Amino acid sequence: MENSVTQDGIASLLSLDSSSVQPQIVVQVVDLKPVGNRYTFNANDGKMKIKAMLPATLTSEIVSGKIQNLGLIRLLHYTANDIPGKSGEKYLLVTKCEAVASALDSEIKSETKASTGIMLKPKQEFVAKSASQIINEQRGNAAPAARMAMTRRVHPLVSLNPYQGSWTIKVRVTNKGVLRTYKNARGEGCVFNVELTDEEGTQIQATMFNAAAKKFYDTFQKGKIYYISRGTLKLANKQFKTVQNDYEMTLNEYSEVEEAGSEEMFIPETKFNFVPIDELGPYVNQKELVDVIGVVQSVSPTMSIRRKSDNEMIPKRDIVLADETKKTVVVSLWSDLATELGQELLDMADKYPVIAIKSLKVGDFQGVSLSTISKSNVVVNPDIPEAAKLKSWYDSEGKETSMSAIGSGMSPSANNGSRSMYSDRVCLSHFTTNPSLGEDKPVFFSTRAYISFIKPDQAMWYRACKSCNKKVTEAMDSGYWCEGCQKKDEECSLRYIMTVKVSDSTGEAWFSAFNDEAEKMIGCTADELNVLKSEEGEGHEFQTKLKEATWSSHLFRVSVSQQEYNSEKRQRITVRGVAPVDFAAETRLLLQDISKNKKTSQ
């Protein structure tokens, strides 16, 4: 391969307008370095340099050595964006590229007179009509969606960011929520959201409020493809996001949405972010969904389960998956997946197929279990490297390997990290002196501490559905609407969601506690405490109840994770279990520590 870059390539791409065809140019990678989960570099054509960024999806190309510092790459798809706060300066977000040559001896400069690179897009021959005339004629004859495609270059979702100007995306609606109403201090309104997927499999959630929700609710249909422009992006709230994307989109009544119609359709490539079976514990009963790949070891017959919300009978089928961690997990398939896919898996069970499942809910049945939801996507024997590697392992040694269920040894009622209150024992100083704990994934510890303060004016509870315990909103007329059950109820219950300050001899920390754990600490339900708070009189029974709960010693099982707030990561300590102090067991623990210290000092 000739070691050459495209002469004046950077100058040519910076001179393009949004309607021009992107040239594919060869540049040299200079000053390649990681920034977070991405890589930045300077794209060099011998005369000019421009700052550039590679998305996380191309990290594997760098790790494998295909893309190297001082090497050559061909830019296949990219976007030139303005650098915030630096007028006139731009950077490239490269979404597709390919390696051309490995690292050269030095940086290419104009003095070396490198040979002219070849533009892969052939130069247009002379035509009688100008390009602008041709485009204007095509616009006049095209449908609205086609005009949008011609006037604006379609951007891949991975290239979008909040600082970008105008853009157009071409996406398929892969999930559509219901139009729901809400009521808050600012008034009443309605909202709904859709999940959008582009041809490369990148997903983003788009939310519409009030006028925009009413305008686009009937426009968006699941499975159809649309051109969308004039939306805004912001950092996604990781607590509520349902797709893997750092950003979320908001569409208003001025946004443009046009169905692609009879244009060339596409089926989005499904992208997975697999979690090994032995690492599912921290996800139990959390909002975050997981992707799993495994070998089907067994398939149960179909059974019918009565749904609590509406007493409807729905089909269910359980399958058992195994992977290279030598652990197994039960996956419950529901509705059509149970009857159609389940039967397909049953017919081929003797061949031990590999299946990949996207968007699974992790529950606590038998310790750890998985369950499909309406948006789950199942691929049988997928054509991906992970599947080939797993199948090869299972055929060569996995069949003869002894495996155990991931939930074995864990309490069925445990949230996650379930172990004895006397294992992984640490003091509070372990949290306060290690602010980066839980950066990669939640970690679990046990500690003994006193509740030293409960802030009385905090929001200590939320209104919950009596059926599923999810948060409800006030309905437009009366009663409460539950998004999870998709029904209205005249009554709701209160469930704790509060923070308490705890202390021990080494320091103090704030713990977040939810309903079951908070009830054990306070000594009553949230409904009962709310009654005390609303009662008037000189007894101050509400304050008295909180004071009674303070300076009492408990054993805590906690998880430590990192939570993003205002673009800053903070440590969050969540109570997963509360138990009274067993003084006999506590004494044995202290004697063990004394014995260890004596042996160490000898």
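Predicted model: local features only at pLDDT ≥ 70, side-chain atom pairs only at ≥ 80, totals over all residues.
## Cysteines

Let's start with the sulfurs. A disulfide is a covalent bond between the sulfur atoms of two cysteines. In this model the count of disulfides is zero.

Cys97 has a relative accessibility of 14%, so it counts as buried. Cys190 is also buried, with a relative accessibility of 6%.

How exposed are the two partners? Phe272 is partly exposed, with 21% relative accessible area, while Phe274 counts as buried at 19%. The cut-off for buried is under 20%, which is why the two receive separate labels.

## An edge-to-face pair and its cluster

Next, turn to Phe431 and Phe445. Their ring centres lie 5.8 Å apart with the planes at 65 degrees, so this pair is edge-to-face. Phe431 belongs to helix H8 (residues 429–432) and Phe445 to strand E21 (residues 443–453), so the contact ties together parts 14 residues apart in sequence.

Both Phe431 and Phe445 are buried. Together with Phe511 and Phe556, they form one aromatic cluster.

## A lysine over a ring

Finally, have a look at Tyr217. Lys176 lies over the face of this tyrosine, 4.1 Å from the ring centre.

How values were computed
Residues numbered from 1 in each chain as written. Heavy atoms only, no water. Disulfide = S-S within 2.5 Å. Buried < 20%, exposed > 50% of the residue type's maximum accessible area, 1.4 Å probe, protein only. Phe/Tyr/Trp six-rings, centres within 6.5 Å; stacked < 30°, edge-to-face > 60°. Helix = DSSP H or I, 4+ residues; strand = E, 2+ residues; numbered from the N terminus. Lys NZ or Arg CZ within 6 Å of the ring centre and 35° of its normal.
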